[in-house]
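Hi,

Here is the structure I promised to pass on.

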Amino acid sequence: MSSIEVLSKSFNFQNVNDIECAFNQLFDGGFLETICNTSISPCGFNGKVFQSLCITNISPSWNNILNEAFSIRHKVVHDANFRPENNMELAQQAESVFLLIPQITTCILAKRYKLKSVFLKSNGNDYPYIFSIHDILTEDWSVVE
C-alpha cells in the first residue's frame, strides 16, 4: 500500500485536529501555526511580486475561520435540521484561507525538497506563485514552459 493510501485510510480530514495530525510530522508539530505564520519571500500573488506573503497578514483570524467553517460543515453533514445563516463574509474569508493553506504548504515543501512548483516570471526572475481567488476566476492566463 502506498503512503498516500495509508494517509487516506488513517485520516478523514473532516476537522482541524485531523488535518493537524496528518501533517504535523512534516512540520515538527504545529502544522497550521507553521503554515499560517510562515512568510514566502519574495513571491508572486495577484499577478505581482510581493516581498513577503503570509496567511496571518492576509487573514489574522485564520484559526477562528477554519474552526467556524469546519463546525458549519459538521452540522450540515450530521444535522438535517441545521440551516446555516447566509454569512458571505465568513464564506469569502474561508474561501481565501482554504485556498492559501495548501499553496503555502506546497511552496514550503517544494523548496525543502527541491521540487518543481508554479512560478511567476518577472523581470528575468522566477518567483513562487500563490493563486488568489481573483487568479482562479480570471480567464487571461497562459502557460509558459
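Predicted model: local features only at pLDDT ≥ 70, side-chain atom pairs only at ≥ 80, totals over all residues.

Below is what turned up around the aromatic side chains.

Residues are numbered from 1 along each chain as its sequence is written, and side-chain values use heavy atoms, with hydrogens and water left out.

Searching the whole structure gives 6 aromatic pairs (rings of Phe, Tyr and Trp, the last by its six-membered ring, with centres within 6.5 Å; planes under 30 degrees apart are stacked, over 60 edge-to-face, the rest tilted). One of them is Phe13 with Phe23, a tilted pair at 6.1 Å centre to centre and 45 degrees between the planes. Phe13 is in the loop between helix H1 (3-10) and helix H2 (16-23), while Phe23 is in helix H2, so this pair ties together parts 10 residues apart in sequence. Helices here are DSSP runs of H or I, at least four residues, numbered from the N terminus.

Phe13 is partly exposed at 33% relative accessibility, and so is Phe23 at 26% (buried is under 20% relative accessible area, exposed over 50%, partly exposed in between; 1.4 Å probe, protein chains only).

Tyr129 and Phe131 make an edge-to-face pair, 5.0 Å centre to centre with 75 degrees between the planes. Tyr129 is buried at 4%, whereas Phe131 is partly exposed at 21%.

Back to Phe13 and Phe23: together with Phe27 and Phe31 they form one aromatic cluster. The charged end of Arg112 sits over the Phe27 ring, 5.1 Å from its centre (NZ of Lys or CZ of Arg within 6 Å of the ring centre and within 35 degrees of the ring normal).

Cheers

Terms used. Helix = DSSP H or I, 4+ residues; strand = E, 2+ residues; numbered from the N terminus.
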